[in-house]
Amino acid sequence: MENKPKIIIFDLDYTLWPFWVDTHVDPPFRKGARNEVVDAHGYVVRYYTDVPSVLKQLSEEGYELGVASRTSEIKGANQLLELFGWKKYFKYIEIFPAKKVAHFANIQKESQVDYKDMLFFDDEARNIFDISKLGVHAVLVRDGITCSLIENMLKVFSKQ
């Protein structure tokens with residue numbers, strides 16, 4: 001039988017989008033003239049190209065999705081999830097400045113899902129290290145989330 005994660009959790013900064021929401025862009029965010037998301041200075045805020053299709057596909061395949069972000073820019077991060085149209089995909093949203101272990105403790109408590117049944121994507125080695133110790137299958141993201149990365153890691157997870 002194929003082993004599938006019960007919850008797939010994503011970091012935000014440099015995982016779903018190519019910047020730190022608390023330093024590289026300036027909230028509040030809004031929809032601009034061409035329906036693009038822009039920051040307070042009218043700068044277009046972009047995400048990694050594959051992210052919308054990855055979230056849509058995982059959601060359609062029945063995976064529960066979550067966010068775990070250490071940012072102090074809580075309002076801005078939530079605003080971007082809303083404006084990008086991604087909030088609907090996430091059942092668990094943990095955005096606050098703390099170690100990722102705290103985010104995962106909240107998700108585990110709310111979901112009642114074992115850590116070993118979670119798959120996590122993050123761009124920071126320290127977070128991968130901390131979360132791996134819980135028993136979560138944690139993946140270091142180098143250049144943002146891509147369809148092939150997700151596909152490959154689901155295959156790896158299924159062979160555990």
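In helix α4 (residues 125-132), the residues N127, I128, D130 and I131 are buried, where buried denotes under 20% relative accessible area, exposed over 50% and partly exposed the range in between (1.4 Å probe, protein chains only). These residues lie on the same side of α4 because the arc they cover around the axis is only 165°, the arc being that of the directions from the helix axis to the C-beta atoms. The exposed residues A125 and F129 are carried by the face of α4 turned away from its buried side. The cover over the buried residues of α4 includes α3, β6 and β7 (137-140), with contact defined as heavy atoms within 4.5 Å. Helices (H or I, at least four residues) and strands (E, at least two) are DSSP runs, numbered from the N terminus.

The model is predicted, so that local features need pLDDT of at least 70 and side-chain atom pairs count only at pLDDT 80 or more, whereas totals for chains, interfaces and linings use all residues. Residues are numbered from 1 along each chain as its sequence is written, and side-chain values use heavy atoms, with hydrogens and water left out.

Backbone geometry was examined next. Most residues other than glycine have a negative phi, and most peptide bonds are trans. The P27 to P28 peptide bond is cis, with omega near 5°, and P28 is placed in the loop between β1 (7-10) and β2 (30-31). Y14 also lies in the loop between β1 and β2; phi of Y14 is positive, near 60°, and Y14 is partly exposed at 25% relative accessibility.

A positive phi of about 60° is likewise found at Q112, which is not a glycine. Q112 is located in the loop between α3 (100-111) and β6 (118-122). With a relative accessible area of 62%, Q112 is exposed.
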